[in-house]
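Please look over the following protein model together with its sequence. The report below takes up helix packing, the chain as a whole and a few individual residues.

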Amino acid sequence: DVCEWWLEGMNHALAYQQQLPEPTQWQMLRKAVYMWYQSDPFQVMVALCIFLNFIGQAAEAQVQPQPGTASNRIFHTIETIFLIIFCVELAINMFATLFTQFFMSAWNWFDILVISTSVWSSLGDQGGGTGVLRLLRAGRVIRFFTRLPSLRKIIVALYESIPSMLNAMLLTGIVLCMYGVMGVSFFKHDDSFKTFDVAVFTLFQASTGDGWSDIVRDLYDDDPDLTVNNMLISVYFVSFMLIVALILMQVVIAVLLEEFSNVSDSENQRADSLQSSSVGSQFTLRPNPFEAFVDDLSICRDTESQHYKILQVWQTVSAGSGKSHHDRLNYKEVANGLRELKLRPPALLTRHDWKEMVLARGLCDSSEEMGREDFKQLVLDYMRSYLTSELTKSMRVSQWEENSISSLLYAVKTILLDTQRQRPSPSHIYPKSNASFSTATNTNTHHEEGG
């Protein structure tokens, strides 16, 4: 059965491929270039060029060659060679991924910005801010992050952590401004607190621990009229250091680390989910053919709705085998009917499943054919066994996930439905009680009359 399903899938794939138009030479060339561009050797080579170019820029900044000297010409030649390499690499990228795929990537836009500014600055001092554009060449090393997935993951995680950090940073900024206003009011005679912006910068410097004690000791001796006593200065700065430097700054760092960890975990889970939902995973087999019905049956309100849905499945299976839902079906007819449901992954009923789930449980007659009531009992039995296995898995994990909680809720719901189905109705209880009560009354009356 599994081999037949694989052969059927291969035939569908070959038929679909034959319907596709033949690719042109241009498309085949672009595909070959794209595969070569995305290969690991090419990406490692580009990353190595970016790193070597960064080393050359650092050496040029260290040597600082004078214009017209031999060392200046050497550095200019090295810069030109790397610029040509990067222009060729950008051209190959555009040729392989143009248009939509290329412009949908923010990293490609950054490559265009860096390379265009590098080309403009290499033309010489043409005015119009060319000197400022030269400074952007140092940002070319950021392109190194696009070539290494681990570094790119760090940059993406930091970027996505920014929204969660804004609240902590906003609170820190508000407290810093409050102390800045108080500092201008208290110490406006001092140059470090003469205006609001200078006071905020001084407090920010103090929050980093950079010479804050020197600032405090200068204020001790900087007030000849003693309008602000030393006790107030001590309370002001000690409270500021405790609240801002030792508490709020650490809160910002803690929020950053927590969000960075969460984003990293989500990125890993996203990568795992993408890998598991790839094309190859669509052709995995279910451990049981009735697993596809569990989610639909778990949302039923009561047992009647549950049984009705199971009978609907039986009608579809019977129709797929060319029979009525009142007829009994053998193994082959049930297997073909389940296959006609077009589930992905498919619901394949093997001979081994039929023997274990139908023949061993006596859910068929002597001709090895089953009816709709047998099918309903088969699905209900599997749901209970499946639920038990899922609960067992959930009990073994250290941290519950969404699937574990869903299994627990479904188990509680199943127990309630079974209890509701097995509970006797009041009509089965109270008449008997009333009859006993009447009999007891009549007996007592008879004894009294006899007495």
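At roughly what angle do the axes of helix H3 (residues 40-63) and helix H4 (residues 70-97) cross?

## Basis of the report

This is a predicted model, in which local features need pLDDT of at least 70 and side-chain atom pairs count only at pLDDT 80 or more, while totals for chains, interfaces and linings use all residues. Residues are numbered from 1 along each chain as its sequence is written, and side-chain values use heavy atoms, with hydrogens and water left out.

## Helices H3 and H4

The axes of H3 and H4 cross at roughly 150° and come within 10 Å, where axes are lines fitted to C-alpha atoms, for helices over the stretch in contact, and angles run from 0 to 180 degrees between N-to-C directions. That makes H3 roughly antiparallel to H4, given that angles over 145 degrees count as roughly antiparallel, under 35 as roughly parallel, 65 to 115 as roughly perpendicular and the rest as oblique. Helices here are DSSP runs (H or I, at least four residues) and strands likewise (E, at least two), numbered from the N terminus.

Contact means heavy atoms within 4.5 Å. On the H3 side the residues that meet H4 include Phe 42, Val 46, Ile 50, Asn 53 and Val 63, and their partners in H4 include Phe 75, Phe 82, Phe 86 and Ile 92. The residues of this contact divide into twelve nonpolar, three polar and three charged; Ala, Val, Leu, Ile, Met, Phe, Trp, Tyr, Cys and Pro count as nonpolar, Asp, Glu, Lys and Arg as charged, and the others, Gly among them, as polar.

## Helices H2 and H3

The axes of helix H2 (residues 25-38) and H3 come within 5 Å and cross at roughly 60°, and H2 and H3 are therefore oblique to each other. Trp 36, Tyr 37 and Gln 38 of H2 make this contact with Asp 40, Phe 42 and Gln 43 of H3. These residues divide into three nonpolar, two polar and one charged.

## The chain as a whole

The protein chain holds 19 helices and zero strands. Of its 451 residues, 30% are buried, where buried means under 20% relative accessible area, exposed over 50% and partly exposed in between (1.4 Å probe, protein chains only). Among contacts in the chain with a separation of 6 or more, 63% are accounted for by residues 24 or more positions apart.

## Loop residues with positive phi

Gln 64, which is not a glycine, has a positive phi of about 55° and is placed in the loop between H3 and H4. Gln 64 counts as exposed because its relative accessibility is 56%. Glu 368 is not a glycine either, and has a positive phi of about 60°; its place is in the loop between helix H16 (351-359) and helix H17 (372-396). With 38% relative accessibility, Glu 368 counts as partly exposed.

## Around helix H9

Phe 187 lies in helix H9 (residues 149-187), and its relative accessibility of 1% means that Phe 187 counts as buried. The C-alpha atoms of Phe 187 and Leu 219 are separated by 7.9 Å, although these residues are 32 apart along the chain.

Lys 194 lies in the loop between H9 and helix H10 (196-207) and, at 52% relative accessibility, counts as exposed. Leaving aside its neighbours within four places in sequence, Lys 194 is in contact with Val 184 and Lys 188. The C-alpha atoms of Lys 194 and Gly 183, eleven residues apart along the chain, are separated by 8.8 Å.
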